[in-house]
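Have the structure open while you read.

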Amino acid sequence: MSTTSPQALHLIDKPLSEEDLANQIDNLSDLQGNILKGHGRDHSAHIFLKFKPGRIAMVRAWLHGPLKARITSAQKQIDDAAAFKATQKDGGVFQIFVVSAAGYAYLGKDTAAFGDASFRAGAQASIDPLNDPKIAAWEPGFADEIHAMLLIADVQQAKVAFMAREVAIEVSAFADVLVSQPGDQQKNERGNGIEHFGYVDGRSQPLMLERDLAGESDGRTLWNPMVGPAQVLIHDPFGGADSSGSYFVFRKLEEKVRAFKTQEQVLATAMGLTGDARELAGALVIGRFEDGTPVALSDEPLIEDSLPPNDAAVPNDFDYRHDTDGSRCPFMSHIRKSNPRGSGPGGLVDEMTRHMARRGITYGERAADTFEDISKMPVDGVGLLFMAYQRSIVDQFEFIQTLWVDNAGFPGAGSGMDPVIGQHANPAPTAQVWPKVWGQAGATVSFDFRDFVVMKGGEYFFSPSLSGIAAL
Ligand code: HEM
């Protein structure tokens, strides 16, 4: 074990080794959990708070006492993972807390201490560049001034719901609960997390702990997901000298499932696909088949239903070097737009700096038969609570959404908009170009696929260090 004092986590630009983890106990105990690795619980509540005018002393007393005591630090998350490995006993309830710029201002803090202009201005100020719906169309609680969000997660749904109700009572003297939003992870038959359109989600992530490479069964010959914690951390301006925190983006994204799945069928017909091959249409939209098989690698799903329930079998070691014409994985498919894996004009080194730690969870519950029969699929009311950590909202989330996803000219002229999350100011149809035959350049189909994800509200936050919370 090294005897030198460890570097602050936000300065480390390589993945943390086991030795680093052993040396970083103080810094990891000051960092909130869920940033370096997702908490993994299937149920959560997201409680959005607005502090009441004139109650700053009560708010501070709550933050410094009961709230701080709730938080799961990165170190506790690591300890709980070790205990789970040894005893199979899970770490119990997981809680994190994030603060908006308006929340810092309420607490008398100068938000100029934060370098990120979009964080300081708040998510409502970004609706025009992001082509988000007008704030009047957001769900009412999100349209208000949000100060903070407490996330409670557990394996038991009823426990999360109970704790969310208790929090509302606990804070009622000094805060209003603007929104209490449940999250419930949907899973496929193999136990992989899926989003409501039915596709495995959350598979490709920047990995910040060397130990997480063990879960990458297909290796990293073509795609190396390993990064350092500096990818998502900055110094917490109000925390201790070595403290670290992270910008946190929250967006409630409704998924129009029945319309999306219907349009997949129309696309399959337009491509002339028949029988099982019709699944290719949706795979071209996402960039992966529903089971997670990358369409850059195969024109059919490859993962056996009988494999054990985890992500290891879902390939992630791929890039687009064998698909320079986009005839396997179209340039505008969701995963190619949001991570071109070195095939964009900026090159791999710049692209790598954009990646965020995605920590989303689905919301809205569904009966099993609503996954099979299009006529029973939800029209609205279900979707994804998109959540992501980063060191810069301007350079990561907003960069990806505006300059990649919404930019029809990215990664090259004529690529088209992301058919899943592309947002546009101009309602005129903007058909994308789809390959007619997988892997064959030349024959194409022009087809407009878009507008099945609707932003219902959100906010930009900062995930403070524990020492930063004590200083609020
Ligand atoms: C309802 C909205 C969304 C849906 C249904 C969705 C769906 C998916 C799916 C199915 C995957 C493939 C699984 C994986 O590789 O992890 C994926 C990957 C990804 N998504 Fe989304 N997503 C949504 C919103 C977003 C947003 C808002 C962003 C960022 C602006 C985003 C960025 C990414 C990234 C970076 C990847 C990984 C790509 C890769 O590394 O190959 N997604 N998404």
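How are helix 10 and helix 11 oriented to each other? Bear in mind that this is a predicted model. The two helices pack at an angle of about 110°, and their axes are 8 Å apart. Angles of 65 to 115 degrees count as roughly perpendicular, so helix 10 and helix 11 are roughly perpendicular to each other. The crossing of helix 10 past helix 11 is right-handed.

Now for who touches whom. On the helix 10 side you'll find Glu 264, Leu 267 and Ala 268, which meet Ala 281, Gly 282 and Val 285 in helix 11. Sorted by class, that contact has four nonpolar residues, one polar and one charged.

Helix 11 covers residues 279-286, and eight of its eight residues are buried, so the rest of the structure largely encloses it. Glu 279 is among those buried residues, along with Leu 280 and Ile 286. Their cover includes helix 10 (257-270), helix 12 (334-338) and strand 12 (432-435).

On to the ligand. It is surrounded by 26 residues, and the closest are Tyr 199, Arg 203, Ser 204, Ser 338 and Asn 339. Here's the shell by class:

| Class | Residues in the shell around the ligand |
|---|---|
| Nonpolar | 14 residues |
| Polar | seven residues |
| Charged | five residues |

Strand 8 (244-255), helix 12, strand 11 (383-390) and helix 14 (397-405) each supply at least two residues of that shell. Helix 14 gives the largest share, four residues.

Terms used. Residues numbered from 1 in each chain as written. Predicted model: local features only at pLDDT ≥ 70, side-chain atom pairs only at ≥ 80, totals over all residues. Buried ≥ 20, exposed ≤ 12 C-beta atoms within 10 Å, placed from the backbone. Contact = placed C-beta atoms within 7 Å. Axes fitted to C-alpha atoms, helices over the stretch in contact; angles between N-to-C directions. Parallel < 35°, antiparallel > 145°, perpendicular 65-115°, else oblique. Left-handed = near helix turned anticlockwise from the far one by under 90°. Nonpolar A, V, L, I, M, F, W, Y, C, P; charged D, E, K, R; others polar. Near = placed C-beta within 6 Å.
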